[in-house]
Amino acid sequence: MKSDLSQNGWQDRYVAGKTGWDRGGASPAMMTWVEEGKLRPCRILIPGCGRGHEAIALAEAGFDVTAIDFAATAVEHLKLELRRRGLNANVVQSDLFAFCEPDSFDAIYEQTCLCAIDPSQWQTYQQLLACWLRPHGKLFALFMQSGQYHAPPFSCDLPSMRELFAEPTWQWNDGPVRVEHPTGMHELGCLLHRTET
């Protein structure tokens, strides 16, 4: 049975509590990048932000955060949490493929978004990431290693990622670092730079 990757499909997952990708807190890999000074306060985009644990952590750390998600429940949860904590972030409910931002970002944090997109759309998504990111901007990516190829989370194996995020647009600078996931799967944390092309 084919997974429903529509806006309603993702909304239904939140309503039904089928959110196994949600750690319940910010990714330890992201927090390590912050602690090591690789990810410093800047204008950052979080596509497919979900309930926004990372958006909250980065807003608390002084980042200028824009977070996007398809699902109304996820977006409303994040907005509520930001208000409750007295934090500011730009939270947008949108289809990523329709998102338009005139000003580029210094960094993008990509975690459970790519693996939720049908692989037939990966090349378009990669091109959008390159458009959203300023030249020399950084892509902090956690590539899911699920072993699944017919339903999300789609496996983002490293050879495929190196082919997708290829020169001359992308330069690989760091990684991979293995990051365990509560589902029993794992991610590979990689740092890439957007070149000037």
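Rings of Phe, Tyr and Trp, taking the six-membered ring of Trp, pair if their centres lie within 6.5 Å; planes under 30 degrees apart count as stacked, over 60 as edge-to-face and the rest as tilted. Keep that in mind while we look at this protein.

First, the ground rules. This is a predicted model, so local features need pLDDT of at least 70, side-chain atom pairs count only at pLDDT 80 or more, and totals for chains, interfaces and linings use all residues. Residues are numbered from 1 along each chain as its sequence is written, and side-chain values use heavy atoms, with hydrogens and water left out.

Now the rings. Searching the whole structure turns up five aromatic pairs. Here is one of them: F165 with W170. A pair of aromatic rings is described by the distance of the centres and the angle of the planes. For F165 and W170, the centres are 5.5 Å apart and the planes are at 75°, which is edge-to-face. Both F165 and W170 are buried. Buried means under 20% relative accessible area, exposed means over 50%, and partly exposed is in between, with a 1.4 Å probe and protein chains only. Ring pairs also tie F143, F165, W170 and W172 into a cluster.

Two arginines sit over rings as well. The rule is that NZ of Lys or CZ of Arg is within 6 Å of the ring centre and within 35 degrees of the ring normal. The charged end of R162 is over the ring of W172, 4.3 Å from its centre. R43 lies over the face of F105, at 4.1 Å from the ring centre.

Let's step back to the whole chain. The protein has six helices and seven strands. These are DSSP runs, numbered from the N terminus: helices are H or I with at least four residues, strands are E with at least two. Along the sequence, the pattern reads α-α-β-α-β-α-β-β-α-β-α-β-β.

Two strands pair if DSSP finds at least two bridges between them. Strands β4 and β5 run parallel, joined by five bridges. Y109 stands opposite F140 in β5.

On to the inside. Buried residues make up 51% of the 197 residues. In soluble globular proteins, nonpolar side chains tend to be buried together. A nonpolar core is a set of buried Ala, Val, Leu, Ile, Met, Phe, Trp, Tyr and Cys residues joined through side-chain atoms within 4.5 Å. The largest one has 34 residues; L114, W132, L139, F143, M161 and F165 touch the most other members. Which element gives the largest share of this core? Helix α5 does, with six residues.

Contact means heavy atoms within 4.5 Å. Setting aside neighbours within four places in sequence, M161 is in contact with L114, W122, F143, C156 and W172. There is also a second, separate core of 27 residues, including C42, V65, V75 and L82.

Back to α5. Its buried residues include W122, Y125 and W132. They pack against β1 (43–47), β4, β5, α6, β6 and β7. Not counting residues up to four places away in sequence, Q126 touches L164, F165, T169 and W170.

Last, some backbone points. Most residues other than glycine have a negative phi, and most peptide bonds are trans. H136, in strand β5, has a positive phi, near 75°. H136 counts as partly exposed because its relative accessibility is 45%. A cis peptide bond joins P152 and P153, with omega about 0°. P153 lies in the loop between β5 and α6. Another cis bond joins E167 and P168, with omega about 5°. P168 is in the loop between α6 and β6.
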